[in-house]
Amino acid sequence: MSPRAGNTGPRTLAFVESPVQLLNVLEWAHAHAPGAGLTLVVLSPVDPMTRGQLRRMAELAREEGHQVRWEEARGGATAPFQTIGGLMGPLRRAERIVMGDPFSRYVQLLLTITRTPDLVVVDDGTATMEFVGQLARGERLVRWHRKGSRPGPRDLVFAPVSSAARRRLTPVEGRRVAVFSSMPIEEVPDGVTVSANDFAWTRSRFGPPRITKGADMVGTSLVETGVVDGDRYLQAVSGLAKAHGATRYFAHRRESADKLHRLAVETGLEVVRPDLPLELIARRGPIGRTILSFPSTVVHTLPLALVGTDVRVSVCDIDPSWLTRTASPRAQGFLSGVTGSARDVHRLAAVAAV
């Protein structure tokens, strides 16, 4: 029997689509619902690396006493109808909904079904910063790297659902909206409650890590999202690794296999494809005394996960010349803001990429 099977607390449904979102649901439960078993609904993606990390995180969630419901939400043309149909009952009975990605079309569609008075958005990194800002300004919900681009046909078809979800995520009398985040949030909408994710569960569950003398590098999917030019990125990684003596490159789960192969050949770095979110990998160790990163969520989360250790997180700015011609007009300012708002990190100037 689950250690929390007899709990009679609120029925809480949590929707996640990535391992980082699942990690942060566990952090939220540790901070705000200790002893209350959740039902975690995994809306599984198709990417093999993401699926693998989600499987491992689901194991940890079960060990914590939570139920995990794995949905092959993208497993074919009929999968969305089967997934949504199977969730109708739980959605209508839920007393609280916790979500990892308010930009997700899946989550937005599910929000139109539930009438729960208690909504929680847990940390999804830089996306959380953008979501809260857009909600405060009354803007349509769109990911930062797509902002400024014209809506496509699918965006126009889905626009009524997205608008309805935004209204559901706007607090009114009788409906509470909370945000749980490790990211700096400056624009807080009226009525939204914000609480800090300090990775207390991660620190209590793992570590402290063994620290090596060298440097490790953290990868980013900015090339895959069309923000940074691939050649410039590889040149920057090579320059950064040489300047700081890095030997390992922890790949982002969305980095392409072709890019990673080329990176390994051209830089000599050992490419590591983690089976868990980097916060847990670093906390378990071994980890380099210096962690090098480009602007991303980890420059905010790793210092929290590694508090009390001697590990230093250093972040390298993105040079404007690295951006693609199709990058969002907001890209440079947004990435600079991610770096500038990070606490307890060492800021590096952009390395030459010629």
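Welcome to this structure: its helix α1 (residues 19-32) packs against helix α2 (residues 48-63) at an angle of about 15°, with the two axes 8 Å apart. What you have here is a predicted model, in which local features need pLDDT of at least 70, side-chain atom pairs count only at pLDDT 80 or more, and totals for chains, interfaces and linings use all residues. Residues are numbered from 1 along each chain as its sequence is written, and side-chain values use heavy atoms, with hydrogens and water left out.

**Confidence**
- The protein chain has a mean pLDDT of 87, and 90% of its residues reach 70 or more; pLDDT is the predictor's confidence in each residue, from 0 to 100.
- Over residues 1-9 pLDDT stays under 50, and the model has ten contacts beyond four places in sequence for them (contact means heavy atoms within 4.5 Å).
- Where pLDDT is low, predicted coordinates should not be read in detail.

**Helix pairs**
- Helices (H or I, at least four residues) and strands (E, at least two) are DSSP runs, numbered from the N terminus.
- Axes are lines fitted to C-alpha atoms, for helices over the stretch in contact, and angles run from 0 to 180 degrees between N-to-C directions.
- Helices α1 and α2 are therefore roughly parallel to each other (angles under 35 degrees count as roughly parallel, over 145 as roughly antiparallel, 65 to 115 as roughly perpendicular and the rest as oblique).
- The crossing of α1 and α2 is left-handed (the near helix is turned anticlockwise from the far one by less than a right angle; clockwise is right-handed).
- Residues making this contact include Leu-22, Leu-23 and Leu-26 of α1 and Leu-54 and Met-57 of α2.
- Helix α8 (residues 230-244) and helix α9 (residues 257-267) pack at about 40°, with axes 10 Å apart, which makes α8 oblique to α9.
- The α8 and α9 crossing is right-handed, and among the contact residues are Tyr-233 and Val-237 of α8 and Arg-262 and Leu-263 of α9.

**The sheet**
- Six strands form an open sheet in the order β10-β9-β8-β11-β12-β13, with parallel pairing (two strands pair if DSSP finds at least two bridges between them).
- At the edges are β10 (270-272) and β13 (345-348), each pairing on one side only.
- From one strand to the next, the twist averages 30°.
- Strands β8 (residues 211-218) and β9 (residues 246-250) pair in the parallel sense over four bridges, and Arg-248 in β9 is the bridge partner of Asp-216.
- Helix α11 (residues 298-305) lies across β8, β11 (287-293), β12 (312-316) and β13, running at about 175° to β12.
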